[in-house]
Amino acid sequence: MQKDPSTNVLGSALSPCSTDPLTGFFRDGACNTCDEDRGSHTVCAVMTAEFLAYSKYVGNDLSTPRPEFRFPGLKPGDHWCLCAGRFLQAHDEGCAPKVDLLSTHARALEIVPLEVLYTHATSGSGNP
């Protein structure tokens with residue numbers, strides 16, 4: 001698999017998202033992506049209890065540990081490379097988590113408008 005260039009939505013070098021828990025399509029701690037990443041795991045999101053409950057409700061339980069997949073389960077405050085489509089869906093439903101723009105891959109913009117990402121940007125993540 002050929003990684004896309006590691007560029008964030010602001011046009012600079014992609015910053016790491018999380019190494020604890022280890023995230024990313026490539027499990028390299030960053031929201032790197034490639035053509036094989038069908039879910040576009042490109043949005044570096046900061047988990048909230050509200051979002052984790054929502055994600056579980058719509059069929060993607062991110063809070064329950066799955067040791068067989070080396071997945072510890074997420075808790076509020078954890079950073080995670082979220083699928084761009086799921087983020088947009090949560091935004092539309094009013095429960096999107098915060099986003100680290102410096103750690104969100106530029107390919108997220110194929111699905112989520114930059115203005116939407118800005119509205120959920122964490123302080124210090126390059127938000128205007």
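User: What makes β1 mostly covered?

Analyst: Five of the six residues in β1 are buried. Buried means under 20% relative accessible area, exposed means over 50%, and partly exposed lies in between, with a 1.4 Å probe and protein chains only. Strands here are DSSP runs of E with at least two residues, helices are runs of H or I with at least four, and both are numbered from the N terminus. This is a predicted model, in which local features need pLDDT of at least 70, side-chain atom pairs count only at pLDDT 80 or more, and totals for chains, interfaces and linings use all residues. Residues are numbered from 1 along each chain as its sequence is written, and side-chain values use heavy atoms, without hydrogens and water.

User: How do you know that β1 pairs with β2?

Analyst: Five bridges join the two strands, which run antiparallel. Two strands pair if DSSP finds at least two bridges between them, so β1 and β2 count as a pair. Val43 stands opposite Leu82 in β2.

User: What makes β1 and β3 a pair?

Analyst: Two bridges join them, and the strands run antiparallel. The definition asks for at least two, so this pair qualifies. Val99 in β3 is the bridge partner of Ala45.

User: Why are β2 and β3 called edge strands?

Analyst: The open sheet has three strands in the order β2-β1-β3, with antiparallel pairing. β2 (79-83) and β3 (98-99) each pair on one side only.

User: What packs on the sheet?

Analyst: Helix α2 (residues 84-93) does, touching β1, β2 and β3. Contact means heavy atoms within 4.5 Å. The direction of α2 makes about 90° with that of β2. Such axes are lines fitted to C-alpha atoms, for helices over the stretch in contact, with angles from 0 to 180 degrees between N-to-C directions.

User: Which residues have the most contacts inside the largest nonpolar core?

Analyst: Val43, Leu62, Phe87 and Leu117 do, in a core of 24 residues. A nonpolar core is a set of buried Ala, Val, Leu, Ile, Met, Phe, Trp, Tyr and Cys residues joined through side-chain atoms within 4.5 Å. β1, α1 (49-57), β2, α2 and α3 (114-119) each give two or more residues.

User: Why is Asp78 called buried?

Analyst: Its relative accessibility is 9%, and the limit is under 20%, so Asp78 is buried. Asp78 is found in the loop between α1 and β2. Beyond four places in sequence, Asp78 touches Pro21, Ala45, Val46, Met47 and Gly73.

User: How do you know that Asp78 forms a salt bridge with Lys75?

Analyst: Their closest N and O atoms are 3.2 Å apart. A salt bridge needs a side-chain nitrogen of Lys or Arg within 4 Å of a carboxyl oxygen of Asp or Glu, so the pair qualifies. The Asp78 side chain also reaches the backbone nitrogen of Lys75 at 2.9 Å.

User: What makes Lys3 and Asp28 a salt bridge between distant parts of the chain?

Analyst: The closest N and O atoms of Lys3 and Asp28 are 2.9 Å apart. The two residues are 25 residues apart, both in the segment before β1 (41-46). Lys3, at 37%, is partly exposed, and Asp28, at 31%, is partly exposed.

How values were computed:
Polar contact = N/O pair within 3.5 Å; in protein donor to acceptor, adjacent residues only side chain to side chain.
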